[in-house]
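Here are my notes on the model you passed along. Have the structure open while you go through them.

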Amino acid sequence: MVRVIGRGMFSEEYRGGKPLKAVYALVDDERVTVTLGIQVSSFTLNVILPAGISFYTFQSLAYTVEVFRRKVEPVERYVTIASYLSFFPLLVAGPIERPTHLLPQFLRPRTTNRDMWRQGIWLICWGLFKKMVVADNMARIVGDVFGPYDHLTGTAIIPHDGLRLLLGIYAFALQIYGDFSGYTDIARGVSKLFGFDVMLNFKLPYAALSPSDFWRRWHISLSTWLRDYLYIPLGGSRGGIFLTYRNLFLTMLLGGLWHGASWTFVLWGAYHGALLIVYRLLDLRPEDKNYPRWANALLWLVMLHLTCLGWLLFRAKNVATIGVFFQSILLHPHGSPEALAAFKSLVFFGWLLLLFQVVQYAMKTLDPMARWHWFIRLNVWILVIMSLLALASAQGTEFIYFAF
Amino acid sequence: MRSESYQIPPKRRLRTLLRIAFAVAWSLLAGELFLRAFAPQPLMPRSVRASDIGIRTNTPSETYWQRSTEVNVRVHINSQGIRADDDIPLEKPAGVKRIVVLGDSYGLGYEVDLKDSFAMQTAARLNAAGENVQIVNLSVSGFGTAEELLTLQHRGLAFHPDLVLLAWHYTDLDDNVRSRLFTLKDGKLFRDQPTYLPGVKTRRRLERIPGYVWMERNCQLYSFIREKTAGKLDDLMPGAPAVHAMPAAIPIRPPTYREQLAVALLQSIQEECEKNGAKLLIFDVPSRFSRTEFASEFPAAAARGLAQFDVVSPLDEFRTNLKGEKLFWEHGNGHLTVIASHVSGKLLADHILKRKLLDSPPR
C-alpha cells in the first residue's frame, strides 16, 4: 500500500477504495509507477510514500530524542528496535507509541491473563463495531452531503439544504471518531492478546469542554508527542504570553500539516491553534475551574460545535466548499426529505456508540463492562455482535487514517 | 493455588450450567428481537418434495406466508402441487382455454398474491376480453428449463393446454447445466441423470425435527443465519459463480454450451407443444441490476438460426414508462413486484390476443 502526497486523502482515487498495493518506495518517477502498474496522473503525483510513515517516523523520532535525552537506554539488538518500530497492530495508523512505554515490553517476558483476553476481545469487537457499523454507515451520509465529484468542472456537487449539510458534518464527526478510534481499539485489543499494553489514544473526545481538553482526549498519542517534542522544545509557556501563543499556534499548525499536504489541513491546524489561544485569552479553563453545571453544559455544547466546525475544515475538499457549507447552513437552514433520511440514519447507526459514551462518561471509566453484572454484559455483547452481523455496511471503506 | 483434588461443588456446577443454558436461550431470543427491531429479515419459506418423475414439486396442500418489510403474501399449494386455491381437474371443461405455466419462482409468482401474479393477470385480462381462460401453474421454485421440459411431458400435457407459457429467467442457464438431467452431444439433446433433487433429502430430515418448520417460517434469526451461512459457503465453493454483471450488448461470439443447452431444451418444449396442439409463448423475465438497470439474458443470439421462439419481454416497458418504479422487490428475494406483474400480464395478454394464440389450429 502506498501513500501519495499531493492529491489529498479525499481525492477520487482514495475514495474509490482502490488502495495502491505493496510498494515500499520513496519515488518521484512516473516510470516506476507505470512499471508497477499503478495508474496515477503525473499532474497530481508528487511523492509516493509507504503507508503509515507518519506514525512510525514519529515513533522512531521519539526513540532518537529519548535516547539523546538519556531517558531511554539505547537497545543493543537491532531486532528489538525493528520490532518496536514495526509492531504490526500500530504500523499503519498508530497509536504513536513512546519508547518509554512500549520498548520495555519487548525486553521483558510477556504474559497474558484472563483479564487481558477479556479486554482484548472486547476492544477488537468494539473497534470493529465503531468502524463497520458506525463509521462506514456514516460515510454514506457524509459522501452524499460532501458531494460526488464532478469530473468536468473539478468541483464537488454539494446539495444546498442547510440542515442536511449540518447533519453531514455531525455524521463526519461520528465517522472520523468511529473510524480512527475503532482502528485504535482493534490495535490495542490485538496487542493485548499478545501480552502488550498499548497506550490510550482516545478518551471520550466529544465530552471535551475546551480545546485543550479536546486535545487531551483526541489522538492523545499525537498531541502528547507534539507537546513533548515540539511545543516544549519551542519554549512552551516559559517565554511569556506572546511566545506561548506563537508556540501553541505553530504546534497546532504543524499538527495539521502532519495529516497531509493540503490547505484544508493547514487551515484545520491553524483553526485549532487559534481556538487554544482564544480560550487562553478568555481564561476559559473549565477542566481546572469549578464552573456551575449549566455553564459546563453550555461550554460542552459550544466546544462540540467548534469541533464539528473543525471537521468541516478537515473534510472539505477545498476552501470554496467550506464557503458553500457556511452559506447553506446559515442562509438556507431548511429541511428536506433527504435531511430527514440523513437524520434517521445518523440516529439509527449512532445511538449505541453515543449511549455507550454517555455511560462511560457517567461512570467515569472507559471499561464499564468490567463493573457490570454478567447479564448486562451479555446484552451489550448481543447488541454489538448482532449489529456487526446485521448492520455492518456492505460497502466497507478504507480507514481514513491509513492515508496519513 | 488450587489443589489437584479440588472438585467443583455439584450445586455450583449446576448453577453454572443453568446460567450457561439461560445465557444461550436469552441470546437467541435477544438476537431475534434485535433483528425484528433493527434489521428485519425476509421470511421466504418454500416447500418442495420429490415427485415421482425424479424432480422437485411443490409440497401438496401446503399454505405458507412470505413476509418482508415489503410484502405479506399467502402462498397456497393445492393437493396437486399447483399454486391455486382449488384443485384443477385434468379434463378441460368445454369452452375453456387452458394455459399451462412453466417456470421457477418467478413463474410461480413468489412475493405477490396469487391474483397479482403475471399469470393470473394475463388470464384476468384475457377473460375481460371475452376469452374463457384457466391457468394451470406448474412452476416450482428453483426450476430450470430441463425440469420444465420434464414437467410438461409428465404433468402439463395431461391438462390439455392450448398454450404453454414459459417464464424464462437467466438462472435457467446455470440450472440446466447443474441439474445434468439433459446433456448435449454433437448438438443433440440426450437424457442424462435420472433425478435431480437438490437439498430435498436434507430438507426432509430437518422437517422431522419438531419445531423446525415453525422456526423456518417464523424465526428471523434462523433465516438470517441460514442466509449468511449459505452466502459464505457459496463464496468458499470452488468455481463459485462470478458476480452477476450487466451484459454489455448482444454478444458477437459463438453460443456457449449453456446457451446451446437452453435453446435445445426450449426447442424440445416447443416440439412437445406442437405435437399436442398447443402453442409456446416465452415470457422473458428481465434481470435486474439496479432500480433503473435491466437486461434480457434470453439466449437470443444462440437461438438465432437454431429456432424461432415467440418471446414477450417487458424490458422496454421497464426501461421507459416504468423507469424509476420499484419493479423488483428490494428487501426480500427480488421477485417481480405487483406493478411489474400487472404490466407483464397486460403485455402477455395483448400479445396472445394479437397473435391469436388461443385460437384452435385448423384441423
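1. Ground rules first. This is a predicted model, so local features need pLDDT of at least 70 and side-chain atom pairs count only at pLDDT 80 or more, while totals for chains, interfaces and linings use all residues. Residues are numbered from 1 along each chain as its sequence is written, chains are lettered from A and ligands numbered from 1 in the order in which they are written, and side-chain values use heavy atoms, with hydrogens and water left out.

2. Chain A has 15 helices and 4 strands, taken as DSSP runs numbered from the N terminus (helices: H or I, at least four residues; strands: E, at least two). Of its 404 residues, 52% are buried. Buried here means under 20% relative accessible area, exposed means over 50%, and partly exposed is in between (1.4 Å probe, protein chains only).

3. On contacts (heavy atoms within 4.5 Å): taking pairs in chain A at least 6 apart in sequence, 73% join residues at least 24 apart. Chain A exposes about 19500 Å², and 65% of that comes from carbon and sulfur atoms; the areas are Shrake-Rupley values with a 1.4 Å probe, and for residues only the protein chains shown count as cover.

4. Now the interface. Chain A puts in 13 residues and chain B 14 residues. About 1200 Å² is buried between the two chains, with carbon and sulfur atoms giving 83%; that is the accessible area (1.4 Å probe) the two parts lose on being put together, summed over both. On the chain A side, W374(A), I382(A) and M386(A) lose the most area, together 40% of what that side buries.

5. What holds polar groups together there? The rule finds 2 residue pairs in polar contact across the interface, both at pLDDT 80 or more. A polar contact is a pair of N or O atoms within 3.5 Å; within protein, one must be able to donate a hydrogen and the other to accept it, and residues adjacent in sequence count only if both atoms are side-chain atoms. The salt-bridge count between the chains is 0, a salt bridge being a side-chain nitrogen of Lys or Arg within 4 Å of a carboxyl oxygen of Asp or Glu.

6. Two elements of chain A give two or more residues to this side: α14 (337-363) and α15 (374-391). The largest share, 11 residues, comes from α15(A). By type, the side of chain A splits into 11 nonpolar, 2 polar and no charged (nonpolar: Ala, Val, Leu, Ile, Met, Phe, Trp, Tyr, Cys and Pro; charged: Asp, Glu, Lys and Arg; polar: the others, Gly among them).

7. Over all chains the salt bridges come to 29. One of them joins R217(B) and E62(B) at 2.7 Å, N to O. R217(B) is in helix α7 (residues 212-218) and E62(B) in strand β3 (residues 62-67) of chain B, 155 residues apart. Both R217(B) and E62(B) are buried.

8. R226(B) and E216(B) form another salt bridge, at 3.5 Å. R226(B) is partly exposed at 27% relative accessible area, whereas E216(B) is buried at 4%. Both residues also belong to a salt-bridge network with R49(B), R203(B), E207(B) and E227(B).

9. Last, have a look at Q41(B), in the loop between α1 (10-38) and β1 (48-50) of chain B. Q41(B) counts as buried because its relative accessibility is 16%. Beyond its neighbours within four places in sequence, Q41(B) is in contact with L35(B), R67(B), Q220(B) and F224(B).
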